[in-house]
Amino acid sequence: MGTQQSISTLALLLLLASCVRAQSGLFDIRKYGATHNGDITNALKKAWEGACASTTLSKVVVPKGTYKLREMEFNGPCKAPIEVQVHGIIQAPKNPYHLNGEDHWVSFGYINFLTLSGMGTFDGQGEMAWKQNDCGRNTICKKQKLAMNFGFSFINNSVIQDITSKDSKYFHVNVFGCKNLTFTNFNINAPADSPNTDGIHIGKSIQVNITNSKIGTGDDCVSLGDGSREVTILNVTCGPGHGISVGSLGKYPNEEPVENFTVKNCTLENTDNGLRIKTWPGTPITSLASNLHFEDIIMVNVGNPVIIDQEYCPWNQCSKQSPSKIKINKVTFKNIRGTSATENGVILVCSSGVPCETVELSDIDLRFNGTIVTAKCVNVKPNIGRNAPTCVA
């Protein structure tokens, strides 16, 4: 999907959201017994059930205040477009065991025309869980099942706007099996040392847009899993975190291709990586990552600003003796400028089994301690445009 088409889709979805606000029947959780500083789980379930059963546009409202919430599922299908408008702060249990081993603290599933809005905050209160997660140091860790703040599964033609996700115990957002889903003015906050708190992870979804948002985490700001197609990231600030990543890909059998990914007009600040494509060596299948475009990006003290890593193997969980079978082609890095925290500001390490093809570098102005960065290229012969560093092996 082109950027203009993505913006047009977003405009239509925002129009839908305004229609819901103007015409909806209200389901205020206070009518169902919710009180300030109280547990609103049962009240919110009742409000959702009533709104989802409505045959006209409806709205669930969480007013200003601070509330407690246990694990919650917002499941459809609903009979009409529906909005959940959160104005307050909703807190998860601090103890990760109190979420009963659920994958997600708050999940939305099988809904068409959903709007989640309202300037509210979903606080995962993840600090206790982070202290129990030592997999970054302990390769034989017995990591318990930790809940993500949000799960969006099989959600179509929907908008998530003006919401904050704070201190998730694990990933903040998991998007799976969705079509035409937009996150706008969506903010994610977690400290740099919070493990595995990826911002938005997308898998097996089509036409996902992330716009005008700020994402700061202890892991990838945005990551693309297999089967992601027509994904656009526009006007997003990332940092702290591990950058914006395609992958990791190739660890599991039956993975689907990743195609048509655009990152444009974004800023990365103090991230461990910048724009990254990562695949595992020794992959069990042959697959594809194609039409990946990164353009008009500002880097501020970013480690590895531009990186293709087809030998991705954290914590020595694999063997590098067998090359990755993920084919990477049609990749552009264009108009990328700012400061690098590493001298090798461009690293393209492709697979010896299926070398990268049609990789373009142009208008790359990255500096390390005031000096133009170098470019390392392995198993790839990129097209070097104007003002781009020359590759060395």
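## A tour of the cysteines, with one aspartate stop

Counting pairs of cysteine sulfur atoms within 2.5 Å as disulfides, you'll find 4 disulfides here. A disulfide is a covalent bond between the sulfur atoms of two cysteines. Before you click around: this is a predicted model, where local features need pLDDT of at least 70 and side-chain atom pairs count only at pLDDT 80 or more, while totals for chains, interfaces and linings use all residues. Residues are numbered from 1 along each chain as its sequence is written, and side-chain values use heavy atoms, with hydrogens and water left out.

**Stop one: Cys52 and Cys78.** Select this pair and you'll see a disulfide with its sulfur atoms 2.1 Å apart. The torsion about its S-S bond is about -105°, so the disulfide is left-handed. The pair links distant parts of the chain, 26 residues apart: Cys52 sits in helix H2 (residues 41–53), and Cys78 in the loop between strand E4 (72–75) and strand E5 (82–86). Helices (H or I, at least four residues) and strands (E, at least two) are DSSP runs, numbered from the N terminus. Both Cys52 and Cys78 are buried. Here, buried means under 20% relative accessible area, exposed means over 50%, and partly exposed is in between (1.4 Å probe, protein chains only).

**Stop two: Cys350 and Cys356.** Here's another disulfide, with the sulfur atoms 2.0 Å apart. With a torsion of about -100° about the S-S bond of Cys350 and Cys356, this disulfide is left-handed. Both cysteines, Cys350 and Cys356, are buried.

**Stop three: Cys377 and Cys391.** This disulfide has an S to S distance of 1.7 Å. It links distant parts of the chain, 14 residues apart, with Cys377 in strand E28 (residues 374–378) and Cys391 in strand E30 (residues 391–392). Cys377 is buried at 8% relative accessibility, whereas Cys391 is partly exposed at 22%.

Now pick Cys178, which is buried at 2% relative accessibility. Cys266 is in no disulfide either, and its nearest cysteine sulfur, that of Cys238, is 8.6 Å away. Cys266 is buried as well, at 1% relative accessibility.

**Last stop: Asp167.** Look in the loop between strand E11 (164–166) and strand E12 (173–176). Asp167 is buried, with a relative accessible area of 17%. Show its contacts (heavy atoms within 4.5 Å): leaving out residues up to four places away in sequence, Asp167 touches Asp123, Gly124, Gln125, Gly126, Trp130, His172, Asn189, Ala190 and Pro191.
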